[in-house]
Amino acid sequence: MQEKPYIIIMAGGIGTRFWPHSRRKRPKQFLDILGTGRSLLQMTYDRFLEVADKDRFFVITYKKYVNLVKEQLPELEEHQILSEPNRKNTATCIAYACYKVNSIDPGASMIVTPADHLILQERKFVKTIQKALNAATIEGRLITVGIKPNRPETGYGYIQYLESKNSEEALKVKTFTEKPNIKLAKTFIESGDFVWNSGIFVWKCSSLLSSFQKHMPDVAEIFDEGKEFFGKDAEPDFVSKAYLQVKNISIDYGLMEKSSDVYVILGDFGWSDLGSWYSLHELREKDEHNNVVEANAMLYDTENSFIKVDSEKLVVVEGLKNYLINETENVLLICPLDGEKKFRDFVSNARKKGEDFI
């Protein structure tokens, strides 16, 4: 019988596109975005308890969020929370986690998942993950989970695969494409051999280490030097030095796009990366004019908008279409609902007004 995998939850992001609700002191993965009573991180942990035992979980997060992880997941031991000294993107984050797991169990399988995604159909999700684990038993394979698209979405990455008579099996990946324009996204949907890149990965630890050695030898060399430090008091010092030496690059660019051993398992389980207010608007209950209203509000000639303001205030809105109105603590934001490309500018300029605003 196949041993249960290790679960790596990546929880170090800032959640800029959910500002001002998501702040640097408490980013979106630590918020109850969906009103369930559980944060996105907690919901991710709950979901994977169907797949693995709690002693096989690791949460990797930025050093300033370690206490938030402890607060929200008190069932984890201290050594199960991996602290990143700097933000160096997903390739470094995953390399650290992989070398850590390898130091404990060289024969292990791993599932790597973001902390802030929504899964609506959890039974179907677990079945998909089990397929991915089975596919990953073949040495060298790197498995990613692709989501069958239902619209030409420009906010997601896409994976093109080589078609097979049996779409239930792992399909060889042909290309990766980052966030295309709308014309290209429509072409992808029409072609029928593209899926959304979920950012969920499954592999044997040994398969990933081999791939790092082949395609990112600089990263492999740096983390190879830490074998004697993992699980010991010297681990944080080693990790701090390692993070200063590695590049800031995603696992997709650094490794997945270069490897000829990448396969995709197709999934259809009600997935969203909850990347923006726009994506949350798609999921929330709406009024007859397609507005999401989480406020004490009076709306006139307003449609396809998202109004989220503390209920102690009366909000009167007239004449808005496709707009976001959000007041969180000391920031009031009013902007186009699909204007997430400007959010980095918003946050950058808000910092000039004072750290309290970000």
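Ring pairs join Tyr96, Tyr99, Phe223, Phe229, Phe230, Phe238 and Tyr243 into a cluster in this predicted model. Two rings of Phe, Tyr or Trp (its six-membered ring) count as a pair if their centres lie within 6.5 Å; planes under 30 degrees apart are called stacked, over 60 edge-to-face, and the rest tilted. Across the whole structure, a search finds 22 aromatic pairs.

Let's look at one pair from that cluster.

Now turn to Phe343 and Phe346. Their ring centres are 5.2 Å apart and their planes are at 50°, so this pair is tilted. Both residues belong to helix H11 (residues 343-353), where they sit 3 residues apart, about one turn of the helix. Helices (H or I, at least four residues) are DSSP runs, numbered from the N terminus. Phe343 is buried at 2% relative accessibility, whereas Phe346 is partly exposed at 26%.

Rings can also have a charge over them: this requires NZ of Lys or CZ of Arg within 6 Å of the ring centre and within 35 degrees of the ring normal. Arg87 lies over the face of Tyr62, 4.0 Å from the ring centre. Likewise, Arg141 lies over the face of Tyr263, at 4.2 Å from the ring centre.

Residues are numbered from 1 along each chain as its sequence is written, and side-chain values use heavy atoms, leaving out hydrogens and water. Because the model is predicted, local features need pLDDT of at least 70 and side-chain atom pairs count only at pLDDT 80 or more, while totals for chains, interfaces and linings use all residues.

Key:
Helix = DSSP H or I, 4+ residues; strand = E, 2+ residues; numbered from the N terminus. Buried < 20%, exposed > 50% of the residue type's maximum accessible area, 1.4 Å probe, protein only.
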